[in-house]
Amino acid sequence: TATILRSEWILPSAAVKLTGIENSILFGSVKVEKGARVRDSILFSDVTIGKNARIDYTIIDEGTVVKYGSRVGAGKETGKITVIGADLILKAKSAA
């Protein structure tokens, strides 16, 4: 089950698992894993958001995978929208 925090548009074919979705649009076949949070964003078809990832004020194009623990977007407060292209794999930064 998903934790829906405010107004969202989630198409029926999106798979959302124990997640916080806030003010976002999720198109068909989007997968959002447990512990991930999506805020003020648009996720196009076939996007996968891994466990504990954070997506904030971002548009993500089709087929992109955001891996476990990744952070994408600077937040609405900055006024800068992050745009991610199609068919990419984004990994969390590893500690140096």
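In soluble globular proteins, nonpolar side chains tend to be buried together. Let me take I60 as one member of that group. Leaving aside neighbours within four places in sequence, I60 is in contact with I42, L43, F44, V47, I49, I55, V66 and I84.

Before I continue, a word on the model, colleagues. What you see is a predicted model. The mean pLDDT of the chain is 84, with 77% of its residues at 70 or more. Over residues 1–7, however, the pLDDT is below 50, although this stretch has 21 contacts in the model beyond near neighbours in sequence. Where pLDDT is low, the predicted coordinates should not be read in detail.

How many aromatic pairs does the structure contain? The count comes to 1 aromatic pair. F27 and F44 form that pair, and they are stacked, at 4.9 Å centre to centre and with 20° between the planes. The two partners come from distant parts of the chain, 17 residues apart: F27 is in the loop between β5 (25–26) and β6 (31–32), and F44 is in the loop between β8 (42–43) and β9 (48–49). F27 is partly exposed, with a relative accessible area of 30%. For F44 the relative accessible area is 30%, and F44 is likewise partly exposed.

Now to the charged residues. A search of the whole structure finds 3 salt bridges. Which residues do they link into a network? The members are R39, D40, D56 and E77.

I shall go through the partners of R39 in turn. With D40, the closest N and O atoms are 3.8 Å apart. With D56, the corresponding distance is 2.7 Å. That pair joins strand β7, which holds R39, to strand β10 (residues 54–56), which holds D56, across 17 residues of sequence. With E77, the side chains meet at 3.4 Å, N to O. Here the partners are 38 residues apart, E77 being in the loop between β13 (71–72) and β14.

Are these residues buried or exposed? R39 itself is partly exposed at 26% relative accessibility. D40 counts as buried because its relative accessibility is 17%, below the cut-off of 20%. D56 is also buried, at 15%, whereas E77 is exposed, with a relative accessible area of 64%.

D40 has a positive phi of about 50° although it is not a glycine, and its place is in the loop between β7 and β8. A positive phi, of about 55°, is also found at D87, again not a glycine. D87 lies in the loop between β14 (82–84) and β15 (89–90) and is exposed, at 62% relative accessibility.

Finally, consider S41, in the loop between β7 (37–39) and β8. S41 is buried, with a relative accessible area of 2%.

Terms used: Residues numbered from 1 in each chain as written. Predicted model: local features only at pLDDT ≥ 70, side-chain atom pairs only at ≥ 80, totals over all residues. Heavy atoms only, no water. pLDDT = per-residue confidence, 0-100. Contact = heavy atoms within 4.5 Å. Phe/Tyr/Trp six-rings, centres within 6.5 Å; stacked < 30°, edge-to-face > 60°. Helix = DSSP H or I, 4+ residues; strand = E, 2+ residues; numbered from the N terminus. Buried < 20%, exposed > 50% of the residue type's maximum accessible area, 1.4 Å probe, protein only. Salt bridge = Lys/Arg side-chain N within 4 Å of Asp/Glu carboxyl O.
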